[in-house]
Amino acid sequence: QRMDIDIIVKSTKEFEICKNDEVVIKGFKPKWYSSASHFFFNNQTYEIKKKGFFSSEYNIFKSGKLRGEFVHNWKTGYSFKLLDANKSTHSYSMKVEKPNGWLKNDLLCTLYDDNNNAVLSLRYVWKKWKASMQAEIVDSVYQNYELLVYTLMLFKLYQQAQSAGAGMISY
């Protein structure tokens, strides 16, 4: 059963993930200059924090313990890896498409697991100078909401890379 979930970005520091107008996850940046993001879900505290000041990679912490990491590859871009209870690693990557033609600003981001199965999708729509996002999750499994937050982070990193690339001049 598929579910539509609204993602409300209140500012550059706050976001909410809502299902049926009920807030499921609330995320925020503790300080305006910080690269860290925090969110609360299922009575757990999560933190996404840069590995170092000059690093392009991030660590993911769940209640203070390492949960995973965002890694960067120059060819494929960003992806993330998560550790499960057995210390096994699961990798996830995101594919971005423009479903409505190249002139539109709409984007469809699909998250894939390490078996290349689609886990969830995120639709980014830009209308009348305002962005809106909706996610579609196949199962309402707790872990998939957590994965949605990480997909939002991947999308943010994708946007930053795109805007940095737009400003580059090639000779």
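Reader: Are Phe 39 and Tyr 150 buried or exposed?
Author: In this predicted model, Phe 39 and Tyr 150 are both buried.

Reader: What angle lies between the planes of Phe 39 and Tyr 150 as an aromatic pair?
Author: The planes stand at 70°, with 6.1 Å centre to centre, and the pair is edge-to-face. Phe 39 belongs to strand β4 and Tyr 150 to helix α1, so the pair ties together parts that are 111 residues apart in sequence.

Reader: Which aromatic cluster holds Phe 39?
Author: One cluster is formed by Phe 39, Tyr 46, Tyr 58, Phe 70, Phe 80, Tyr 92 and Tyr 150.

Reader: And which residues touch the most other members of the largest nonpolar core?
Author: Those are Phe 70 and Tyr 150, in a core of 37 residues. Helix α1 (residues 142–166) supplies the largest share of this core, ten residues.

Reader: What does Phe 70 touch?
Author: Leaving aside residues up to four places away in sequence, the contacts of Phe 70 include Ile 48, Ile 60, Phe 80, Tyr 150 and Leu 154.

Reader: Turning to the strands, what stands opposite Ile 48?
Author: Ile 60 in β6 stands opposite Ile 48. Strands β5 and β6 (residues 58–62) pair in the antiparallel sense over five bridges.

Reader: How many bridges join β4 to β5?
Author: Five bridges join β4 (residues 37–41) to β5 (residues 44–50), and these strands run antiparallel. Across this pairing, His 38 stands opposite Glu 47.

Reader: Which residue in the turn has a positive phi?
Author: Asn 42 does, with a phi of about 55°; the β4 and β5 hairpin has two residues between its strands.

Notes: Residues numbered from 1 in each chain as written. Predicted model: local features only at pLDDT ≥ 70, side-chain atom pairs only at ≥ 80, totals over all residues. Heavy atoms only, no water. Pairing = 2+ DSSP bridges. Helix = DSSP H or I, 4+ residues; strand = E, 2+ residues; numbered from the N terminus. Core = buried A, V, L, I, M, F, W, Y, C linked by side-chain atoms within 4.5 Å. Buried < 20%, exposed > 50% of the residue type's maximum accessible area, 1.4 Å probe, protein only. Contact = heavy atoms within 4.5 Å. Phe/Tyr/Trp six-rings, centres within 6.5 Å; stacked < 30°, edge-to-face > 60°.
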